[in-house]
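Look over the sequence and the fold that follow.

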Amino acid sequence: MKIAFIVNQLMKETAVYTTTGLALQAHKMGHEVYYLGVGDLAYFSDEQMGGLARKVPSKQFRSPDTFLQAIKESEKIQIKAADLDVLLLRNDPSADIDKRPWAQNAGIVFGQLAQKQGVLVLNDPTSLSQASNKMYFQYFPREVRPETIITRSVADIEAFYKANGNKIILKPLQGSGGRNVFLINKQEVKNLNQIVDAICRDGFVVAQEYLPAAKNGDIRLFLLDGDPIVVNGHYAAIHRQQKKGEIRSNIHQGGTAGKARMTKRIKEIVELVGPKLKKDGMFLTGLDVVGDKLMEVNVFSPGGLVHACELYDADFYTPVIKAIEDKVRIRKE
């Protein structure tokens, strides 16, 4: 199987990224693995989608670090859709929102072309285009979502703030990774206008009810075709806890990862959202659960799987690669 991973910028990839773990496992399982940054994508004169890729050398690697370093040091070669079986879209559009706005939708549009040319593209690029902002979240059942409004009106947000006990969360409609997330309470409401102005520079504001359970962090649960990834009785899930004085649980924002307890409510949430994710072709996703509510559905390059592997001493990468193998085999048959 020939599999290419699309990332934002290869030189900024690290050994702890989920993409690195998936690519290394695919290599260990005997597949040809390629990396392309979104800036390396191209459309050729023979009407083939492709680009300048770096191929993983045909050797064994002792660690994710040596694996990734070998890729970064390899020379770029031209590949085309006809050369590939699978294209994994692992770039995060929100990471390019400021300095490289041209790169935001590149993975999606080139992915759609590759799909048309017979390549298996995961996650489905057409569905990803519909999920390019948090409005996609509102298509899931109301009973799993916190109370929410989406607006650019300060007056609407003020009314929502008062109706929700003078404590709400504000964040941009487009973006991820905990960027521009604010807790508005009685101490911070004096800065409401400035905060809304700052978020509105990127578009609309999402205002959500504050969930008291948020002080205990959140659960990041990984789904494969809408179902939890389970290995030896362990779920691919982590309990993320924010550092002191921080409202965000994101690991790269200083949060820590621990073992997660799978509750009956989390399983109910999966049953309610899983079918839509599978129908939409969202192959690998991450759910962020706070208390009894679903806070985020991560469809663009969900991260943190490496922490789950370490916490449970389990290989959660192999089921993902095996699922891809099955999809490729079925397509060929």
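**Pockets, cores and loops**

The second largest pocket has a volume of about 170 Å³. This is a predicted model: local features need pLDDT of at least 70, side-chain atom pairs count only at pLDDT 80 or more, and totals for chains, interfaces and linings use all residues. Residues are numbered from 1 along each chain as its sequence is written, and side-chain values use heavy atoms, with hydrogens and water left out.

Stay with that pocket. Its lining is made of Ala 213, Asn 216, Gly 217, Asp 218, Ile 219, His 239, Arg 261, Thr 263, Ile 266, Val 289, Val 290 and Gly 291. Strand E12 (218–224) and strand E18 (284–290) are the elements that give two or more residues to this lining. Helices (H or I, at least four residues) and strands (E, at least two) are DSSP runs, numbered from the N terminus. By class, the lining has five nonpolar, five polar and two charged residues. Here Ala, Val, Leu, Ile, Met, Phe, Trp, Tyr, Cys and Pro count as nonpolar, Asp, Glu, Lys and Arg as charged, and the others, Gly among them, as polar.

On a 1 Å grid over the protein atoms alone, a cavity is a set of points where a 1.4 Å probe fits but cannot get out, and a pocket is an open set with protein on both sides within 12 Å along at least five of seven lines; lining residues have an atom within 4 Å of a point. Grid points are joined across faces, edges and corners, and a volume is the space filled by probe spheres set on the points. The structure holds two cavities of 30 Å³ or more.

The largest cavity has a volume of about 80 Å³. Leu 88, Leu 89, Arg 90, Leu 122, Asn 123, Phe 283, Leu 284, Val 299, Ser 301, Pro 302 and Val 320 line it. Eight of these lining residues are nonpolar, two polar and one charged. Domain 1 (2–131) and domain 3 (214–315) both give residues to the lining, so the largest cavity lies between them. The domain bounds come from an automatic or database domain assignment.

The second largest cavity holds about 40 Å³ of space. Its lining is Lys 134, Phe 137, Gln 138, Val 206, Gln 208, Met 295 and Glu 296. The elements that give two or more residues to this lining are strand E11 (205–209) and strand E19 (293–298). The lining divides into three nonpolar, two polar and two charged residues.

Now turn to the packed interior. In soluble globular proteins, nonpolar side chains tend to be buried together. A nonpolar core is a set of buried Ala, Val, Leu, Ile, Met, Phe, Trp, Tyr and Cys residues joined through side-chain atoms within 4.5 Å. Buried means under 20% relative accessible area, exposed over 50%, partly exposed in between (1.4 Å probe, protein chains only). The largest core has 84 residues, of which Leu 87, Leu 277, Leu 294, Val 299, Phe 316 and Ile 324 touch the most other members. Helix H9 (residues 317–332) gives the most to this core, with six residues. Domain 1 (2–131) and domain 3 (214–315) both give residues to this core, so the core lies between them.

Which elements do the buried residues of H3 pack against? In helix H3 (residues 106–116), the buried residues are Ala 106, Gly 107, Ile 108, Gly 111 and Ala 114. They pack against strand E3 (41–43), strand E4 (49–55), strand E6 (86–89), strand E7 (120–122) and helix H4 (125–130). Contact means heavy atoms within 4.5 Å. Just after H3, Gly 118 takes a positive phi of about 100°.

Some loops deserve a look. The peptide bond from Leu 122 to Asn 123 is cis, with omega near -10°. Asn 123 sits in the loop between E7 and H4. Another loop, between E3 and E4, holds Glu 47. Glu 47 is not a glycine, yet its phi is positive, about 70°. At 53% relative accessibility, Glu 47 counts as exposed. Asp 46 lies in the loop between E3 and E4. At 41% relative accessibility, Asp 46 counts as partly exposed. Asp 46 and Lys 80 are 34 residues apart in sequence and 9.9 Å apart in space, C-alpha to C-alpha.
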